[in-house]
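This briefing covers a predicted model.

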Amino acid sequence: MPVQEGAGAAGAAIRTRRVQATRAAAYDVMLADDLAGSRAEALARLVEGRRVPLVSTPTVGRLHARALYRDLLARGVQAGMMELAGGEVEKTLDAVARVCERAMAQELDREALLVGVGGGVCTDVVTMAASWIRRGIGHVRVPTTLLGQVDASIGIKGGVNFAGKKNYLGCFHPPRAVLVDPCFLRTLPAPQVRYGLAEIVKVGVAWDAPLFELVEGAAHAFGPGGDPAAVRETVWRAIVRLLDELEGNLYEDRGYRRVADFGHTFSPMLESAAGFAVHHGDAVAVDMALSAVLAAEIGMLDRAECTRIVRLLRQLGLPVTHPLLTPERCVHALRETALHRGGSVNLVVPVAVGRAAFIASAGDVDPRALARALALLAATGAPAGAG
Ligand SMILES: NC(=O)c1ccc[n+]([C@@H]2O[C@H](COP(=O)([O-])OP(=O)(O)OC[C@H]3O[C@@H](n4cnc5c(N)ncnc54)[C@H](O)[C@@H]3O)[C@@H](O)[C@H]2O)c1
Ligand SMILES: [Zn+2]
């Protein structure tokens, strides 16, 4: 960029040298299979020659991460191990500071790689710590929850809760790699599986009909005694299709019209109205059901398609209604969301299974249709016209 000279308000010359740069990101999301012994092997190859402190939580440590740590040591990797307290309440600056303190005590160099082994809470904290240490060191994510594998770990964001606000502080810090192994899911409690399935259904409904059909056919595969091959297929497709969508706007600086926001307009209101006693995955399911029934009510979605969507949610054990979801709160949520999305609500509604449209302005959402949709879901828990 050329140096420019111009006149300031007071007439004094102002010299300007504009700086312009773009942020790149390149990383691999990989599907490993511990049954085939490829998990530790793949990680060892990824981190070759570097110091790699593993960061996990006690439950995941006991079930998986300590074994992975021993496996790495046995392969000659310079691994370390630390465990943070788990849980959403522990997703704090304090947790990030503990990781940073440990990195300092271990005199990690800039080539070191933090490895987060755990759910979204763990990988979010590790991403934050990696972005801060020496202004940014590398990190690898090994997600162990379904939500982590298909959502939280595959993008480039990290974050912590602050002063009561979820993810108020955060960063964009791409991982070096993400190693997904659905074998971890075998120890995952049923509700955690459900939460991940909600995010998979989101992708299926909003832009990938074949994924929706995969989940319809594999609803029981995720339960005890389920079908590992169907789980792997579904997880991998969900990952690839979400990445297809995220890739063009990884830093979220290219507009606010994102189909990936399907299910994420009314849900933040529900989560906070419930004091976070309603899990994000359940809240997303309720939001998706409401958006679908609303779309049917205003003639944007065929009623049979709407029925299919709500039926699948219920089949997966996900809720489709909640008493805290009142018309007033929903209207308020639309306004709040518009603030968050640069002035327009851009409510994502399905127009078919696998295809979505945006309702740009909160004012375009007919409050009577919204109230009818809420009442329908509340009365029967079933989709509009299901009956
Ligand atoms: N960075 C992002 O882009 C992004 C996207 C979506 C969500 N998130 C964040 O992710 C977090 C939620 O993640 P989560 O749902 O994974 O929750 P989580 O990390 O709290 O894990 C849920 C529970 O599962 C346990 N667990 C993890 N793996 C297990 C396993 N294999 N077997 C048995 N138990 C296991 C954990 O100990 C924990 O109790 C939220 O804080 C959310 O804000 C981040
Ligand atoms: Zn979500």
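A disulfide is a pair of cysteine sulfur atoms within 2.5 Å. By this rule the model, which is predicted, has zero disulfides.

**Cysteines**
- Cys100 is in no disulfide, as the nearest cysteine sulfur, that of Cys171, is 11 Å away.
- The closest cysteine sulfur to that of Cys306 belongs to Cys330 and is 15 Å away, which is too far for a bond.
- Cys306 has 0% relative accessibility and therefore counts as buried.

- His264 lies in the loop between helix H8 (228-246) and helix H9 (267-273), while His280 is in helix H10 (residues 280-297); the two are 16 residues apart and link distant parts of the chain.

**Ligand 1**
- There are 23 residues around ligand 1, and Glu88, Gly120, Thr144, Thr145 and Thr187 come nearest.
- By class, this shell has eight nonpolar, nine polar and six charged residues.
- Helix H2 gives the most to the shell, with four residues.
- A polar side-chain atom of Glu88 is 2.7 Å from an oxygen atom of ligand 1, and one of Thr144 is 2.7 Å from a nitrogen atom of the ligand.
- Lys157 places a backbone N or O atom 3.1 Å from a nitrogen atom of ligand 1.
- Of the 870 Å² of accessible area that ligand 1 has on its own, the protein covers 85%.

Terms used:
Residues numbered from 1 in each chain as written. Chains lettered and ligands numbered in written order. Predicted model: local features only at pLDDT ≥ 70, side-chain atom pairs only at ≥ 80, totals over all residues. Heavy atoms only, no water. Buried < 20%, exposed > 50% of the residue type's maximum accessible area, 1.4 Å probe, protein only. Near = heavy atom within 4 Å. Polar contact = N/O pair within 3.5 Å; in protein donor to acceptor, adjacent residues only side chain to side chain. Areas by Shrake-Rupley, 256 points an atom, 1.4 Å probe, with all protein chains shown as cover. Nonpolar A, V, L, I, M, F, W, Y, C, P; charged D, E, K, R; others polar.
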